[in-house]
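Work through the following exercises with the sequence and the model side by side. Each task is followed by a solution in steps.

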Amino acid sequence: MIRYALECRDCEAGFDGWFASSEGFDTQSEKGFIDCPNCGGHNIRKQVMAPSVRPSEKSGASDPEKVFGKLAAHARQHIADNYDYVGDGFAEEARSMYYGEREHKPIWGETTAEERESLKEEGVPAAPLPPAFVPPKKTEKTKLN
């Protein structure tokens with residue numbers, strides 16, 4: 001994983017983003033998948049950053065991969081404990097809450113690329129979960145008798 005310091009060219013807000021690779025940032029940026037948390041704009045650029053140098057094993061400093069693994073585990077647990085899994089009905093649920101047809105509650109689930117684009121065009125606030133943050137899906141327990 002690569003952490004980039006990012007900046008919105010529209011409102012000049014700074015924020016961080018995690019990407020699988022440099023190409024991952026480029027692809028997501030070109031497709032408009034990176035949103036400014038301040039203004040929602042998509043005109044995002046990488047800021048100048050110093051390289052991250054891994055400390056020696058003797059220093060006792062934490063390994064960045066271990067730190068990210070702990071962060072991801074914490075995020076997965078938080079989502080599992082606090083969000084309702086709605087499966088492939090995510091777009092419908094999010095849309096219903098946005099338009100006031102249902103009570104607002106934290107949800108997560110799946111969408112198709114077309115549904116994601118449609119939600120984006122309608123202004124429905126939704127964002128993809130990074131794969132490392134996706135908790136295991138809850139399965140319904142069925143009665144055997």
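A salt bridge is a side-chain nitrogen of Lys or Arg within 4 Å of a carboxyl oxygen of Asp or Glu. This is a predicted model, in which local features need pLDDT of at least 70 and side-chain atom pairs count only at pLDDT 80 or more, while totals for chains, interfaces and linings use all residues. Residues are numbered from 1 along each chain as its sequence is written, and side-chain values use heavy atoms, with hydrogens and water left out.

**Exercise 1.** Find the salt-bridge partner of K105 and state which parts of the chain the pair ties together.

Solution. 
- Step 1: K105 pairs with D84, and their closest N and O atoms are 3.4 Å apart.
- Step 2: D84 lies in strand β4 (residues 84-85) and K105 in the loop between α3 (90-98) and β5 (107-108), so the bridge joins parts 21 residues apart in sequence. Helices (H or I, at least four residues) and strands (E, at least two) are DSSP runs, numbered from the N terminus.
- Step 3: K105 has a relative accessible area of 38% and D84 one of 37%. Both count as partly exposed, the class between buried (under 20% relative accessible area) and exposed (over 50%), with a 1.4 Å probe and protein chains only.

**Exercise 2.** How many salt bridges does a search of the whole structure find, and where does the one between D16 and R3 lie?

Solution. 
- Step 1: The search finds seven.
- Step 2: The side chains of D16 and R3 come to 3.2 Å, N to O.
- Step 3: R3 is in strand β1 and D16 in strand β2, so this bridge ties together parts 13 residues apart in sequence.
- Step 4: E92, E93 and R102 are linked in a network of salt bridges.

**Exercise 3.** List the residues of the largest nonpolar core.

Solution. 
- Step 1: Look for buried Ala, Val, Leu, Ile, Met, Phe, Trp, Tyr and Cys residues joined through side-chain atoms within 4.5 Å.
- Step 2: The largest such core has 10 residues: Y4, L6, C8, A13, F15, F19, F25, I34, C36 and I44.
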